[in-house]
Amino acid sequence: MSSDAQVTFLTQEAYDRLAAELEHLSTTGREEIAKRIESAREEGDLKENGGYHAAKDEQGKQEARIRTLQQLLKNAKVGVAPQSTGVVEPGTVVTALVAGGEEVFLLGNREIAVDSELDVYSEASPLGAAIIGMREGDKGSYTAPNGREIPVEVVKVETYSGQ
């Protein structure tokens, strides 16, 4: 896999929001979890201590989110959404006929469209990988996880406006 496949387009707003979340989780969030674990530990027997196990589970999830954010921000390409030239690329809104039904979605990372109604497909997903670089009117197909070949036609490619 090339390093280009791991680069993720993010708007400046999305980057700033994720950086702030990472900062919070890495500092205050870790302190809060540590206090909850210590408080639960003081309750006694850890084998039957539900509060302790819940806090440890939450700590694991939080650490996984921290690693995800670090990786995402490290490999992010920050900027404005690319102006549509009719070519499917990360950060564009695509209208496509997928298996005969029309779908409108953003190609990129779900973190970009956190406040949007748009569906988001990663460029690494089977659909995303199949249509990246296609132009309006191009037809192709991709293999779904269940092994079925799914036809796809790119109808329209637009600039992502943030909604």
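1. The largest nonpolar core of this predicted model has 16 residues, and among them Leu10, Leu18, Leu106, Ile112 and Tyr160 touch the most other members. Strand E1 (8–10), helix H1 (12–41) and helix H2 are the elements that give two or more residues to this core. Another core, of 15 residues, lies apart from it and includes Val88, Ile131, Tyr142 and Val152. As general background, nonpolar side chains tend to be buried together in soluble globular proteins.

2. An unreviewed UniProt entry assigns residues 9–78 to "domain: Transcription elongation factor GreA/GreB N-terminal". In the model, this stretch is 79% helix and 7% strand.

3. By residue class, the lining of the second largest pocket divides into 6 polar, 3 charged and 2 nonpolar residues.

4. The count of aromatic pairs in the model is 1. The ring centres of Phe105 and Tyr121 are 4.8 Å apart and the ring planes stand at 85°, so the pair is classed as edge-to-face; the cut-off for that class is an angle over 60 degrees. Phe105 belongs to strand E4 (residues 101–107) and Tyr121 to strand E5 (residues 119–121), so the pair ties together parts that are 16 residues apart in sequence.

5. The two partners of this pair have their own accessibility values. Phe105 is at 0% relative accessibility and therefore counts as buried, whereas Tyr121, at 26%, counts as partly exposed. The cut-off for a buried residue is under 20% relative accessible area. A further distance involving Phe105 concerns Glu13: the two residues are 92 residues apart in sequence, and their C-alpha atoms are 20 Å apart in space.

6. Phi of Ala99 is near 55°, a positive value in a residue other than glycine. In general, most residues other than glycine have a negative phi. Ala99 is placed in the loop between strand E3 (92–98) and strand E4. With a relative accessibility of 47%, Ala99 counts as partly exposed.

7. Where does Ser125 lie? Ser125 is found in the loop between strand E5 and helix H3 (126–131). The relative accessible area of Ser125 is 17%, so this residue is buried; the limit applied is under 20%. Ser125 and Ala144 are 19 residues apart in sequence, and the distance between their C-alpha atoms is 9.5 Å.

8. Gly140 is part of strand E6 (residues 139–143). Is Gly140 buried or partly exposed? At 31% relative accessibility, Gly140 counts as partly exposed. Along the chain, Gly140 and Ile150 are 10 residues apart, and a separation of 8.6 Å is found between their C-alpha atoms.

Terms used
Residues are numbered from 1 along each chain as its sequence is written. This is a predicted model: local features need pLDDT of at least 70, side-chain atom pairs count only at pLDDT 80 or more; totals for chains, interfaces and linings use all residues. Side-chain values use heavy atoms; hydrogens and water are left out. Rings of Phe, Tyr and Trp (its six-membered ring) pair if their centres lie within 6.5 Å; planes under 30 degrees apart count as stacked, over 60 as edge-to-face and the rest as tilted. Helices (H or I, at least four residues) and strands (E, at least two) are DSSP runs, numbered from the N terminus. Buried means under 20% relative accessible area, exposed over 50%, partly exposed in between (1.4 Å probe, protein chains only). Ala, Val, Leu, Ile, Met, Phe, Trp, Tyr, Cys and Pro count as nonpolar, Asp, Glu, Lys and Arg as charged, and the others, Gly among them, as polar. UniProt positions are given in the numbering used here, feature names are shortened, and annotations may be inferred rather than shown by experiment. A nonpolar core is a set of buried Ala, Val, Leu, Ile, Met, Phe, Trp, Tyr and Cys residues joined through side-chain atoms within 4.5 Å.
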